[in-house]
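Here are some notes for a colleague who is opening this structure for the first time. Please read them with the sequence and the model side by side.

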Amino acid sequence: MSGPEWLERGMQHVWLPYAQMQTTLPPLPATRTQGCTITLADGRELLDGIASWWTACHGYNHPHIRAAIMAQLERMPHVMFGGLVNEPALTLASRLASLLPGDLERVFFTDSGSVAVEVAMKMAIQYWLNQGQTGRTKLLAFRGGYHGDTIATMAVCDPEEGMHGLYNGALPEHFIADLPVDAASTAALDALLAQHAGSIAAIITEPLVQGAGGMLFHAPEVLRTLRTLADCHGVLLILDEIFTGFGRTGTMFACEQAGIVPDIITLSKALTGGTMALAATVARRHVFEAFLSDDPLHALMHGPTFMANALACACANASLDLFATEPRLQQVARIEARMRAELEPCRTLPHVVDVRVMGAIGVVELDRIRDMNALKTALIAQGAWVRPFRNIVYLTPAFTITPAELSRLCAAIHTVLAGLRPDQR
């Protein structure tokens with residue numbers, strides 16, 4: 001590997017995510033970002049089509065977020081949230097409660113999506129324990145789902161999903177079912193809940209889009225069915241909006257399209273506009289009240305060291321300012337329309353089995369990707385930073401991307417897929 005000295009030295013010691021480092025492509029050294037552009041150490045520029053794992057919804061280096069960071073850094077970058085609080089965190093909690101539907105009003109801050117889901121799982125289980133129901137220790141999750149990479153969250157991901165299959169024997173066992181997308185699957189889920197509701201604390205799912213499981217879409221009616229079944233069988237409903245939250249599906253939160261209110265919701269990714277690590281688990285009033293007691297053991301015993309970090313919360317407040325003052329949801333609608341038109345020609349290419357778009361999510365699904373390294377290399381050669389996985393090539397751009405930039409990304413995907421040799425598809 002050639003490049004700057006820091007790259008040569010550091011690559012001898014770093015452990016990369018999701019990478020077999022003996023065979024994967026070497027990472028590209030990024031030195032600067034601006035808008036939707038990533039500049040590499042050798043001067044090349046890549047147009048980012050995935051907003052750094054779906055986070056940089058306002059593009060990179062937005063001046064309003066940058067100014068908020070600098071102002072907060074001068075005042076106080078961090079203070080522990082045990083026995084102390086800080087203004088950015090409390091302001092953010094109030095703002096999230098006002099934006100979320102229903103009485104989702106109690107915010108527990110963490111610093112990653114996986115931990116936010118773990119906290120949601122703990123809340124759900126302890127909700128019942130605090131009421132003397134000791135048998136409700138299982139979650140019900142769905143095939144195609146993804147909720148994180150920690151031991152607890154892997155256990156509620158699709159058990160056949162490639163990343164986590166190796167750990168199956170070591171993970172806690174939960175109930176995994178098919179989403180209720182038709183009469184048969186709804187009846188099957190209803191029967192499962194009728195049989196096991198006494199041991200199930202909560203249902204958990206990603207609303208509208210199962211992200212890392214393959215960008216799998218489902219209709220809002222599925223969420224209404226889940227809310228109905230959860231109420232009918234007396235279990236909680238957790239919606240994991242770490243990917244879908246903050247405008248990605250076309251509404252501020254995906255659950256709004258179904259007109260339902262989950263008992264617990266998890267948020268992260270675009271929460272700070274892709275600038276700093278922050279996550280939140282937000283509970284409805286009745287969930288929070290189950291933890292109020294004279295018994296100290298009824299408290300939620302969880303407390304990440306950097307929870308409610310003042311600097312990160314200042315970023316999140318600045319990000320919410322931008323949703324309030326700039327036309328983000330209208331931009332998402334325009335992105336959706338353009339991707340529908342410009343990704344559709346991919347449907348006729350060899351091995352393409354589907355093209356689908358929802359909000360600022362565009363997906364080209366192939367029957368397989370035989371040579372992932374070749375595909376990634378070809379996209380980079382087109383100046384596009386797009387990270388295919390499994391059997392899909394997808395776009396989740398910043399909402400501020402220009403029409404010309406989005407067209408370049410769509411054209412790059414079509415060009416690359418059309419030019420792959422049969423042994424690479």
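1. Does Tyr146 count as buried or exposed? The model is a predicted one, in which local features need pLDDT of at least 70 and side-chain atom pairs count only at pLDDT 80 or more, while totals for chains, interfaces and linings use all residues. Residues are numbered from 1 along each chain as its sequence is written, and side-chain values use heavy atoms, with hydrogens and water left out.

2. Tyr146 has a relative accessibility of 17% and therefore counts as buried (under 20% relative accessible area, with a 1.4 Å probe and protein chains only). Tyr146 lies in the loop that runs between β5 (138-142) and α6 (151-154). Apart from neighbours within four places in sequence, its contacts (heavy atoms within 4.5 Å) include Tyr18, Cys157, His164, Glu206 and Asp240.

3. Elsewhere, helix α11 (residues 328-343) packs with helix α13 (residues 403-419) at an angle of about 30°, their axes being 10 Å apart. The two helices are therefore roughly parallel to each other (angles under 35 degrees). The contact is made by Ile335, Arg338, Met339, Glu342 and Leu343 of α11, together with Pro403, Leu406, Ser407, Cys410 and Ile413 of α13.

Key. Axes fitted to C-alpha atoms, helices over the stretch in contact; angles between N-to-C directions. Helix = DSSP H or I, 4+ residues; strand = E, 2+ residues; numbered from the N terminus. Parallel < 35°, antiparallel > 145°, perpendicular 65-115°, else oblique. Buried < 20%, exposed > 50% of the residue type's maximum accessible area, 1.4 Å probe, protein only.
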